[in-house]
Amino acid sequence: MREFHPLVKRWLDGELSAEQLGAELADELAEARALLAAVDRAPVTLAPSVEQRVMAELRRRPTTRWSRAWRWIRETHELRLRVRPWAVAALAAAAVLVILLAPGRQASAPAAVAQTPESVFVKFVLYAPGAHQVSVAGTFNQWDAQATPLAPANEPGVWAATLSLPVGQHLYAFVVDGRRWVADPTAPGVDDGFGRRNSIIAVTPQGRVS
Amino acid sequence: MLFCTLAAAGPLLAQQPADPLAGRLPPAAAAQVRAIAAQASARALPAASLVQKAIEGAAKGVPAARIVAAVQALADQLASAAGAIHDAGITLPDSASIEAGAFALTAGLSAAQVRALAKAAGTTGQRATALGVAGTLAALGVPTAQTVDLLSRSLGSAGDLNDLAGQVEAGMAHGQSAAAAAAGLAHGHPATPNPHRPTTAHGGSRKP
């Protein structure tokens, strides 16, 4: 695109006269004049048929009641309310009554009971430095020593696993390197009947353990 | 260290196979365990816990003869617990209460103490909970007589029995003996939860 001198641009904008440009811009001025002469300044007149076609097209587009309603909904309207304070209070009281007396309200009481979690996530941690493999086995996994492995935690020698336990009391023990059964040193324990100890965990619906 | 968070989650227990003892015990030992379980069932005792005990022994590599003996011992304890609960006036004790009673016996309570707790509990669910918590308290080291006394008092209050063991543990974490912690609860002075064990009454960030 042709880039004119800033002074020529100001002449094109009508801000300067040709005499103010100086002789060194004479060629550029002549070129600008030629471009201006090439511009067709005649007013554009549309044929009468164009207007008729446009208006016919507008009338042809359906404006149903629903489309007008939808347009009214989408448009912004100014809404003015004049309320009496006692009426607002009465409406609020009515809303509270509707909520309290709704039939579904009474059905929600047993639902709340049913929402009591049946399982709780419990994290088992054992410090077993030098162990190559640690798992936890108990009444919750059929005492399967391979079912629930612990993973090495961030601290050296610490192994951990989080699992979902049903609410209730469970007995368990850690299995180190697949053969050594170890009671949890931080949990209460009972005799397992085989000469060892089982650890106890009691999971409550509130998520507590003991 | 144990801690837990509330969460709704699906059951963890796997589907029990048709014969859970098959492949775990020698056939003769498995037959003996089945016979003990059948006898228990005939006496309305929960036989599933007997099978569980056999599975536990097999998983731990215990010799078969000792597994059978342990299963028989557990069956005897279930019968004792059922008898104690029956003596408390419960004509048909439920499985959960019998298992909890046997657990309490294992933890050191006497049959008379199980009977006393069963009698003090008002509902079936309360009975199973009280016996289970009693076993846990005894396992923590609370003397059994004190355990029964504490639970009998708590059964009459609105508090949650399940909280007791956690509160005793909290007291122990503060350096109290189990008996002292339980005594504090009995007098309405529960221990302040250990700040280093923030998430639950029991578990916490106990340093390994």
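**Terms and basis**

A residue is buried if 20 or more other C-beta atoms lie within 10 Å of its own, exposed if 12 or fewer, and partly exposed in between, with C-beta atoms placed from the backbone. The model is predicted: local features need pLDDT of at least 70 and side-chain atom pairs count only at pLDDT 80 or more, while totals for chains, interfaces and linings use all residues. Residues are numbered from 1 along each chain as its sequence is written, with chains lettered from A and ligands numbered from 1 in the order in which they are written.

**Positive phi angles**

Most residues other than glycine have a negative phi. B:Ala44, not a glycine, has a positive phi of about 65°. B:Ala44 is partly exposed because 14 other C-beta atoms lie within 10 Å. Its loop joins helix H1 (27–42) and helix H2 (48–59) of chain B; helices (H or I, at least four residues) and strands (E, at least two) are DSSP runs, numbered from the N terminus.

In chain A, the loop between strand E5 (168–176) and strand E6 (180–182) holds A:Asp177, whose phi is positive, near 55°. A:Asp177 counts as exposed because it has 12 C-beta neighbours inside 10 Å.

**Nonpolar core**

A nonpolar core is a set of buried Ala, Val, Leu, Ile, Met, Phe, Trp, Tyr and Cys residues joined through C-beta atoms within 7 Å. The largest one has 92 residues, of which B:Val33, B:Leu50, B:Ala134 and B:Val168 touch the most other members. Helix H3 (residues 64–87) of chain B supplies its largest share, 11 residues.
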